[in-house]
Amino acid sequence: MNDKENENWLDGMIRQAVDLGEVEFDRRKWLGRLAAQPQKPCPAGARADHNKPDNAETIWRKIMESRLTKYSAAAVVTLAAALVLWNPLGTTPNGVALAQVQARIAEVETMILRGQATFTSVADPNVVVKYDNVKYLSRQEGFVEDGFVKDKLIYRVILNQRQKQGLLLLVPWKRCVRFPCPEEQLRAVERLTPSGIVDVLLESNAYQRLGTAEIDGVEAEGFELQNLKPLDNLVPKSLMDLQQGTATVWVGTKELLPIRMEADILLGKTVATLFMDVRCHKMAKLDKYNVELDPDLFDTRTPEGYTEFKLTDILGMFSRAG
Amino acid sequence: MTENRVTNLVAAARKGDAESFSRLCEQHYPALVAIAYSQLADRGLAEDAAQEALLVAYRDIARLKDPGRFLPWLAAICRNTAIDMARARIRERYAQVEDCSPVADLCHHENDVVAAVREIIFGLDPEVKDIILLRYYNEMTYRQIAELLGMSEESVNGKLRRARNTIRQELQRRASMETEP
């Protein structure tokens, strides 16, 4: 069989594998089930009134994740994400309350998140950048993100909180870029930690509760945030122009920590996207928390064998690389 | 159904118009069954889950902030309803039999390759399973899938392409294992 025949054969196999026959909606039967339901729909707008006792049942919030990207000019970079939730009044016995999650996150000193990011050019969907990443968050030390392509470390971004210093390592090229991390930048980064994002997203109530599910073997409560705009102010627009985005976050019902976060985001043209409109899909899973992180991970000294570059040099390198 | 038409029906349903909501149901029911099936691997249960999801959606539709996001919202409710049912089903099966795979009982009388493909598909991520079902069973376009699942067409395309590669490679791996001495 040639390639085309192979593809057709595979399509046929998949089609057969998922063929469940014709289904048809029985409107009369469904209306009958509806009539048997004890509850009528809530009037529109009811949800906005969280003070009503019957609304004490729920709440939510949500959150999300991260963004990172950067390559280029300052080449690369950034960040990450997390989550949110919320409930001003309380929860049902089975629900996850934002306040509890917030308190729980506040107890966490370190987190390791593992995930993937896929960036697709809006203008040319064939331009796709995909990589795996590992984020290390330390309340004391700062933030580190490693990017991998096919298990090879491509970049490391370090934001050292104590030294107020940032370092970008472009590993294949043995190049690095050093940049200061002023107080404002660190505060922005702090806002991107899970607890910071919870605070930010407390201001947003555009979330949907997704119910419970077993996520990666853990029982979790899901939330969908339909508008990530509240995150837009976290990073200068010149660096990240978040035009729209949605996110889902799953919070472990026992640990009360976000265990999986996913986001679909449309980014406008900035230096971080090499001046392209870009769609980004990011996924992050909580791997470990409250584990000891090697302090050397946050070391912003130039590693042996590396050449220090300026941002303008990096831009030229990317330009030459096409 | 045009976007305006959907928006109008959603608006009417938010005011308690069950008839309008049932028209929305009619249009999207097959896709919801597919999404539920990707979790349950059982058509009967999938139909139950889809209908239950529609009841939940009708009850909660006033909570939908953005009517333009009705489809992804509905899909998420259906998926979670199915997940809850799948969990309950697994718990029941654990109590009854050793093998609780939702797929195992479906494979007995089928062509081996089709059964293998189904097994591989049901081992994929839930979202990817949804996309495969919507593409190959419902024969939806990438755009329709993207609207329903609330993602970009590029994302649908990428996930589907990777899923097909995964299926192909896994089939090849299994075939090579069978031919090994």
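Reader: Where is Asn133(A) placed?
Author: Asn133(A) lies in strand 2 of chain A, residues 128–138. Keep in mind that this is a predicted model.

Reader: Buried or exposed?
Author: Asn133(A) is buried, because it has 22 C-beta neighbours inside 10 Å. The cut-off for buried is 20 or more.

Reader: How far is Asn133(A) from Met283(A)?
Author: Their C-alpha atoms are separated by 9.5 Å. Along the chain, Asn133(A) and Met283(A) are 150 residues apart.

Reader: Switching to the two chains. How many residues are in contact?
Author: Chain A puts 43 residues in contact with 48 residues of chain B.

Reader: Take helix 1 of chain A. How does it cross helix 5 of chain B?
Author: The axes come within 8 Å and cross at roughly 75°. Helix 1 of chain A is therefore roughly perpendicular to helix 5 of chain B.

Reader: Which residues meet there?
Author: From helix 1 of chain A, Met13(A), Ile14(A), Gln16(A) and Ala17(A). From helix 5 of chain B, Val113(B), Val114(B), Val117(B), Arg118(B) and Ile121(B). By class, this contact has seven nonpolar, one polar and one charged residues.

Reader: Now inside chain B. At what angle do helix 2 and helix 3 cross?
Author: Roughly 135°, with the axes of helix 2 (residues 18–40) and helix 3 (residues 43–60) of chain B coming within 8 Å. The two helices of chain B are therefore oblique to each other. Helix 2 of chain B passes helix 3 in a right-handed crossing.

Reader: Which residues make the contact?
Author: Helix 2 of chain B contributes residues including Phe21(B), Tyr29(B), Leu32(B) and Tyr37(B). Among those from helix 3 of chain B are Arg43(B), Glu47(B), Leu54(B) and Tyr58(B). The class count for this contact is 16 nonpolar, no polar and two charged residues.

Reader: What is the mean pLDDT of chain B?
Author: It is 81, and 85% of the residues of chain B reach 70 or more.

Reader: Where is the pLDDT below 50?
Author: Over residues 96–109 of chain B. Beyond near neighbours in sequence, that stretch has 18 contacts in the model.

Reader: And what are the ipTM and pTM?
Author: The model scores ipTM 0.79 and pTM 0.46.

Note on methods: Residues numbered from 1 in each chain as written. Chains lettered and ligands numbered in written order. Predicted model: local features only at pLDDT ≥ 70, side-chain atom pairs only at ≥ 80, totals over all residues. Axes fitted to C-alpha atoms, helices over the stretch in contact; angles between N-to-C directions. Helix = DSSP H or I, 4+ residues; strand = E, 2+ residues; numbered from the N terminus. Parallel < 35°, antiparallel > 145°, perpendicular 65-115°, else oblique. Left-handed = near helix turned anticlockwise from the far one by under 90°. Contact = placed C-beta atoms within 7 Å. Nonpolar A, V, L, I, M, F, W, Y, C, P; charged D, E, K, R; others polar. pLDDT = per-residue confidence, 0-100. Buried ≥ 20, exposed ≤ 12 C-beta atoms within 10 Å, placed from the backbone.
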